[in-house]
Amino acid sequence: MLNKSYYLILIISAVIALSFYVGLNVNLLPVDASLNAPIYDELFTILFIIGLILFIGMTLIVLYSLFKFRKKEGQIGDGVAIEGNLTLEIIWTIIPSLIVLFVGIYSYKIYDRMGGMNELNSSHEMMNHSASEKVWAGISQATNKEYGKGSTNIEVSAMQFAFLFNYPSDNFISGELHVPVDQKVSIKMESKDVIHAFWIPEFRIKQDIIPGQPTVLNFTPTKVGKYPIICAELCGPYHGGMRASIIVEESSEFEKWINQNKKTEV
Ligand SMILES: [Cu+2]
């Protein structure tokens, strides 16, 4: 004979199995087009699965309660009230705490793997510092050291309401960002007025652009194509229109584009 707890375990297992199935098979994100993207997507999948377990679980509990505890015929008042349940309270404190702790530590790991916490004391200039300095979100006094490590290095200017891309080694400015596929790109960003943000959803990267404080982003595109660059910081009345495009192309195409735009030395 089956008892109540057997059913409970069965239902919880089914909810978890369904959540994993949906979480691993339904993709809500745009195409992943940079080396960073699959790392970020791991975190998203885990969060999506946790969210699904909670959503499906709570919906079932609400539906169950609606029928189980509905007002019986002839019943007056609110029925029997339960006053406190220590075991239950301990369980519903410990489980969410563990989930939040796990998500926090796991997010930190992902951020570190994406290069968000790169150590800066690898060079000899910092020998007198015993503790290692970490860069939070690419913003640091040592930011300039992170720039220029790509095979293509570009300076980005953001202003109300446009992005401009300067190719310093070829001496020209473009309104469209062109980069070669499978090669590391390094961009240094500066704002002419207010705070903007440089966001490419397909690359899973986003970085603030701050007046007076350059920020750096290094990334490697992995798929040829045209993707949107979106300003992700409310920067004024036309913020919504502050967009540009990044064109990822084969290096031969990229060279061709560079040569078409290059300014000849006078
Ligand atoms: Cu903006």
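This is a predicted model: local features need pLDDT of at least 70, side-chain atom pairs count only at pLDDT 80 or more; totals for chains, interfaces and linings use all residues.
Local features are described where pLDDT is at least 70, side-chain atom pairs count only at pLDDT 80 or more, and totals for chains, interfaces and linings use all residues. Residues are numbered from 1 along each chain as its sequence is written.

Let's start with the sheet. Helices (H or I, at least four residues) and strands (E, at least two) are DSSP runs, numbered from the N terminus, and two strands pair if DSSP finds at least two bridges between them. Five strands line up as β4-β10-β9-β6-β7 in an open sheet with mixed pairing. The edges belong to β4 (177-180) and β7 (205-209), each with a single partner strand, so one side of each has no neighbour in the sheet. From one strand to the next, the twist averages 25°.

Helix α5 (residues 251-261) packs on the sheet and touches β4 and β10; a contact here is two C-beta atoms, placed from the backbone, within 7 Å. The direction of α5 makes about 140° with that of β4. Such angles run from 0 to 180 degrees between N-to-C directions, with axes fitted to C-alpha atoms, for helices over the stretch in contact.

| Strands | Sense | Bridges | Bridge partners |
|---|---|---|---|
| β4 and β10 (residues 243-249) | parallel | four bridges | L177 and I246 |
| β5 (residues 185-191) and β8 | antiparallel | five bridges | V185 and F219 |

Strand β8 (residues 215-219) is mostly covered, with five of its five residues buried. Buried takes 20 or more other C-beta atoms within 10 Å of a residue's own, C-beta atoms being placed from the backbone. T215, L217 and F219 are buried on one face, V216 and N218 on the other.

Note on methods: A residue is buried if 20 or more other C-beta atoms lie within 10 Å of its own, exposed if 12 or fewer, and partly exposed in between; C-beta atoms are placed from the backbone.
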